[in-house]
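Biologist: Let us go through this model together. I will ask how you know each thing.

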Amino acid sequence: GLRDLADTAELLACELVTNAINASQHLGNPEPPVVCLWLVSDQTSLIIHVWDACKEMPVRKDAEADDLSGRGLMIIDTLSARWGSYQEAQGKVVWAMVS
């Protein structure tokens, strides 16, 4: 019942998962990174949660026009109603709300 949120939710989920994979690859483990994605809805809004094993908390950066990366959290900040992160015993979760 949240069809109007689908495009924005898809873009936010892609950004969050990409950031989680990139963060996990910096851990030095030769295995493919493991991330977890889950969605929670109250039928009015949707919250996208993504877990990764990296304990380093995300920091929003202002990327320059010619930078090849660094825009993920700027996109998340712009498109979501709210976003945040919290540490887990192993890793962290970054979340974004679409409403």
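Modeller: Start with a definition: a salt bridge is a side-chain nitrogen of Lys or Arg within 4 Å of a carboxyl oxygen of Asp or Glu. Keep in mind that this is a predicted model.

Biologist: What makes Asp 52 and Lys 92 a salt bridge?

Modeller: Their closest N and O atoms are 2.9 Å apart. The limit is 4 Å. So the pair counts as a salt bridge. A search of the whole structure finds one.

Biologist: Which parts of the chain does the pair link?

Modeller: Distant ones: Asp 52 lies in strand E2, Lys 92 in strand E4, 40 residues apart.

Biologist: Why is Asp 52 called buried? And why Lys 92?

Modeller: Buried means under 20% relative accessible area. Asp 52 has 3%. Lys 92 has 3%.

Biologist: Which residues of helix H2 are buried?

Modeller: Gly 72, Leu 73 and Ile 76.

Biologist: How do you know that they are on the same side of H2?

Modeller: They cover an arc of only 90° around the axis, so they share one side. The buried residues of H2 pack against helix H1, strand E3 and strand E4.

Biologist: Which residues touch the most other members of the largest nonpolar core?

Modeller: Leu 12, Leu 16, Ile 48, Ile 76 and Val 98, out of 14 residues. H1 gives the most to this core, with five residues.

Biologist: What is Leu 16 in contact with, leaving aside its neighbours within four places in sequence?

Modeller: Ile 48, Val 50, Ile 76, Val 94 and Ala 96.

Conventions: Residues are numbered from 1 along each chain as its sequence is written. This is a predicted model: local features need pLDDT of at least 70, side-chain atom pairs count only at pLDDT 80 or more; totals for chains, interfaces and linings use all residues. Side-chain values use heavy atoms; hydrogens and water are left out. Buried means under 20% relative accessible area, exposed over 50%, partly exposed in between (1.4 Å probe, protein chains only). Helices (H or I, at least four residues) and strands (E, at least two) are DSSP runs, numbered from the N terminus. The arc is that of the directions from the helix axis to the C-beta atoms. Contact means heavy atoms within 4.5 Å. A nonpolar core is a set of buried Ala, Val, Leu, Ile, Met, Phe, Trp, Tyr and Cys residues joined through side-chain atoms within 4.5 Å.
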